[in-house]
Amino acid sequence: MNTEQGLFTVEIIYALPHQQKLIKVNVEPGTTCIDAVKQSDMLRYFPDIDLETVKLGIFSRSVKHSEVLLPGQRVEIYRPLIADPKDVRRKRAEKAKDEGRVNKITGAKL
């Protein structure tokens with residue numbers, strides 16, 4: 001941590017299934033999450049990230065782009081979901097009913 005100039009370190013992380021990148025950046029007090037992401041130059045490694053719509057988090061907690069960072073925090077850049085988890089579960093349950101693996105009235109396993 002660089003206290004002489006008022007700067008502190010935060011981490012920016014982004015991960016794909018087979019590739020991930022963690023970048024440490026020194027930021028000034030009052031820096032927002034999206035400003036730190038821009039400062040990290042993560043787009044150089046992952047140009048498909050859309051900074052306007054990207055979802056961000058700090059230690060698995062969803063945050064707004066405008067949230068101010070504190071020393072030692074880690075900003076996580078989230079990828080969009082491929083499929084809605086509720087739809088996936090619903091389709092799996094329908095398939096189980098069709099295959100006779102569950103009671104069609106109660107939904108309990110046979």
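A salt bridge is taken here as a side-chain nitrogen of Lys or Arg within 4 Å of a carboxyl oxygen of Asp or Glu. The model is predicted, so local features need pLDDT of at least 70 and side-chain atom pairs count only at pLDDT 80 or more, while totals for chains, interfaces and linings use all residues. Residues are numbered from 1 along each chain as its sequence is written, and side-chain values use heavy atoms, with hydrogens and water left out.

The structure holds five salt bridges. One of them joins Glu11 to Lys24, with the closest N and O atoms 4.0 Å apart. This pair links distant parts of the chain, with Glu11 in strand S1 (residues 8-16) and Lys24 in strand S2 (residues 19-27), 13 residues apart; strands are DSSP runs (E, at least two residues) numbered from the N terminus. Accessibility classes follow relative accessible area (buried under 20%, exposed over 50%, partly exposed in between; 1.4 Å probe, protein chains only). Glu11 is partly exposed because its relative accessibility is 23%, whereas Lys24, at 56%, is exposed.

A salt bridge also pairs Asp41 with Arg44, the closest N and O atoms being 3.7 Å apart. Asp41 is partly exposed at 37% relative accessibility, and Arg44 is exposed at 57%. In another, the side chains of Glu67 and Arg61 meet at 3.0 Å, N to O. Here Glu67 has 24% relative accessibility and counts as partly exposed, as does Arg61 at 41%.

Conventions. Helix = DSSP H or I, 4+ residues; strand = E, 2+ residues; numbered from the N terminus.
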